[in-house]
Amino acid sequence: MAFEPPRRLVRALGETAPEGDDWLEKLPGLAREAVERRELTVERVQLPGGRSSLVVLVRRADGTPAVLKLAPPRARPESERVALAHWGGRGAVQLLEPVSKGSEGSEGVLLLERLHPDVSVRTLPEAKALLEAAGTLRRLWVDPPEGHVFETVAERTGRQAKAMRAGADAAPEVAPLVDAALSAREELLDSPPEHRLLHGTFRQSKVLSGDRMPWLAVGPDPVVGEHAFDLARLVRDRVEDLIAQPSGATTTRRRVRRLAESLEVDRDRLRGWTLFRAVESGVRARRVGRERDAELLLEFASWL
């Protein structure tokens, strides 16, 4: 079978690829090797797929359905492997092959339980989707493993803050929002209320229907920090629908309040991290030429 990378993956990785990165060119060969090594039968490549990895629907030698996921080093697949192993299927997709980093043929390759890839909580009515997503997220908030090497919220947002400052220098019209977001970050990092293992990139499309449990999270980019940071990305889900509503700003503030109350998160901390993450995403979208996405995200941020 030809493992042709989906266009969505090619476009997304092309936006962030460092000079000389040839992972996409190597991907078909890496996929064939991973399939052969594990004696898998390929059904199909999942389309449109994700923005950071190739997802292949497969069956194991005993006929069990599974998913083979291949991701480049910059997507931190080994960090994802450790997090999934630590969660052990509680609230998240089950890791079927917990091979330690450095084992031959395992790095960057994850073998996962098969969920229903075309059925996420995003297919539910909005209120129900937020409820189910929030319940799934709560199960993931556990103490990180002893001696973990996960990135912290301070470290990740510190890297992002540097790029945000550069973006503000290049586009002065976004400078006030960037300044507000960076100020919020500094205040929030001063006294975080907890240090838990977080999903890192949680949103409705990251929660899929399963057989073992009704809903399970996939695709973490794990980070250690406070709950509000994780919940902040969920606040802006379906941002295009929010922007289209005459009452979008009011709906957004109501969503912040309801999510904060339902997961016992401080409302002001949630608002602050939502502001930071929306501005960071908007500045990054503008930097890579996704002007429409940037416009939506920055308008959303202005409501906070």
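This is a predicted model: local features need pLDDT of at least 70, side-chain atom pairs count only at pLDDT 80 or more; totals for chains, interfaces and linings use all residues.

User: OK, which strands make up the four-strand open sheet, and in what order?

Analyst: The order is 1-2-3-4, with antiparallel pairing. Strands here are DSSP runs of E, at least two residues, and helices are runs of H or I, at least four, numbered from the N terminus. Two strands pair if DSSP finds at least two bridges between them. Strand 1 (41-45) and strand 4 are the edge strands, each pairing on one side only.

User: How many bridges join strand 2 to strand 3?

Analyst: Six, between strand 2 (residues 54-59) and strand 3 (residues 65-70). Arg-59, for instance, stands opposite Pro-65 in strand 3.

User: And which strands does helix 2 touch?

Analyst: Helix 2 (residues 23-38) packs on the sheet and touches strand 1, strand 2, strand 3 and strand 4. Contact means heavy atoms within 4.5 Å. The direction of helix 2 makes about 145 degrees with that of strand 3. For these angles, axes are lines fitted to C-alpha atoms (for helices, over the stretch in contact), and the values run from 0 to 180 degrees between N-to-C directions. Helix 3 lies across strand 3 and strand 4, at about 35 degrees to strand 4.

User: What about Leu-111, buried or exposed?

Analyst: Leu-111 counts as buried because its relative accessibility is 2%. Buried means under 20% relative accessible area, exposed over 50%, and partly exposed in between, using a 1.4 Å probe and protein chains only. Leu-111 sits in strand 4 (residues 109-113). Beyond neighbours within four places in sequence, its contacts include Leu-40, Val-58 and Leu-95.

User: Switching topic: what's the order of the three-strand sheet?

Analyst: That open sheet runs 5-7-8, again with antiparallel pairing. Strand 5 (116-120) and strand 8 (215-217) are at the edges with a single partner strand each, so one side of each has no neighbour in the sheet. The twist averages 55 degrees from one strand to the next.

User: Which helix lies across strand 7 and strand 8?

Analyst: Helix 4 (residues 126-140), running at about 55 degrees to strand 8. The buried residues of helix 4 include Ala-129, Leu-130, Ala-133 and Leu-137. Seen down the axis, the buried residues of helix 4 fall within an arc of 165 degrees, so they line one face. That arc is taken from the directions from the helix axis to the C-beta atoms.

User: Why would they line up like that?

Analyst: An α-helix has 3.6 residues a turn, so residues three or four places apart point the same way.

User: What sits on the face of helix 4 turned away from its buried side?

Analyst: The exposed residues Ala-127 and Leu-131 are there.

User: Last one: how many residues are in the largest nonpolar core?

Analyst: It has 72, and those with the most contacts inside it are Val-178, Leu-231, Leu-270, Trp-273, Val-279 and Phe-300. A nonpolar core is a set of buried Ala, Val, Leu, Ile, Met, Phe, Trp, Tyr and Cys residues joined through side-chain atoms within 4.5 Å. Helix 10 gives the most to this core, with seven residues. Apart from it lies another core of 19 residues, including Leu-27 and Val-109.

Conventions
Residues are numbered from 1 along each chain as its sequence is written. Side-chain values use heavy atoms; hydrogens and water are left out.
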